[in-house]
Amino acid sequence: MNTESYGQGLHALTLDNFSHTIVAVEQAVVYFFAPWCQPCHQVKPVIQQFAARHPELAYYAEVDVSAASSISQRYGIRSVPVIALFRWGELIAQLPGHAAIAPELEQLLMSSHD
């Protein structure tokens with residue numbers, strides 16, 4: 001999968017498509033959330049705006065931990081929101097989600113993109 005085929009926005013990942021999608025992209029930003037999580041509702045628009053501004057940096061996706069708890073358990077995610085960076089399927093970093101995440105995320109993506 002090359003960056004031209006990533007498309008815009010956050011792609012929903014599930015138990016069915018998570019593993020094969022994450023290994024198929026060079027760099028993926030995965031937003032772990034839950035529908036009942038109030039801070040998640042504040043972080044999601046920030047991630048969406050970041051993805052719209054920087055589509056060339058990564059494949060952007062989201063995982064609902066309520067529907068795919070085995071994915072969050074596999075990566076040790078015990079609270080949400082969390083933003084995880086994967087490179088060719090390997091977990092590189094996890095950041096706690098907060099409304100001011102954009103500069104931190106940009107720095108992380110730029111340093112891992114080199």
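Leaving aside neighbours within four places in sequence, which residues is Thr21 in contact with? In this predicted model, Thr21 is in contact with Leu13 and Tyr59, where contact means heavy atoms within 4.5 Å. Thr21 is found in helix H1, residues 18–24, and counts as buried because its relative accessibility is 7%; buried means under 20% relative accessible area, exposed over 50% and partly exposed in between, with a 1.4 Å probe and protein chains only.

Because the model is predicted, local features need pLDDT of at least 70 and side-chain atom pairs count only at pLDDT 80 or more, while totals for chains, interfaces and linings use all residues. Residues are numbered from 1 along each chain as its sequence is written, and side-chain values use heavy atoms, with hydrogens and water left out.

**Confidence**
- The mean pLDDT of the chain is 88, and 90% of its residues reach 70 or more; pLDDT is the predictor's confidence in each residue, from 0 to 100.

**Overall fold**
- The chain has four helices and five strands, which follow one another from the N terminus as β-α-β-α-β-α-β-β-α; helices (H or I, at least four residues) and strands (E, at least two) are DSSP runs, numbered from the N terminus.
- The radius of gyration is 13 Å, which agrees with the value near 13 Å for a compact globule of 114 residues; this radius is taken over C-alpha atoms, and the globule rule is 2.2 Å times the number of residues to the power 0.38.
- Along its principal axes, the C-alpha trace spans about 35 × 30 × 20 Å.
- Of the contacts with a separation of 6 or more, 71% are between residues 24 or more positions apart.

**Interior**
- Buried residues make up 46% of the 114 residues in the chain.
- The largest nonpolar core has 43 residues, of which Phe18, Val30, Phe32, Tyr60, Phe86, Leu105 and Leu109 touch the most other members; such a core is a set of buried Ala, Val, Leu, Ile, Met, Phe, Trp, Tyr and Cys residues joined through side-chain atoms within 4.5 Å.
- Two or more residues of this core come from each of H1, strand E2 (27–33), helix H2 (38–53), E3, E4, E5 and H4.
- Not counting residues up to four places away in sequence, Phe18 touches Leu13, Val30, Val63, Ile71, Arg74, Tyr75 and Phe86.

**Disulfide**
- The structure holds one disulfide, formed by Cys37 and Cys40 with their sulfur atoms 2.4 Å apart; the cut-off for such a pair of cysteine sulfur atoms is within 2.5 Å.
- Both Cys37 and Cys40 are buried, and the torsion about their S-S bond is about 85 degrees, so the disulfide is right-handed.

**Backbone details**
- Most residues other than glycine have a negative phi, and most peptide bonds are trans.
- Trp88, which is not a glycine, has a positive phi of about 50 degrees and lies in the loop between strand E4 (82–87) and strand E5 (90–96).
- Trp88 and Val23 are 65 residues apart in sequence, yet their C-alpha atoms are 4.7 Å apart in space.
- A cis peptide bond, with omega about 5 degrees, joins Val80 and Pro81, and Pro81 is found in the loop between helix H3 (69–74) and E4.
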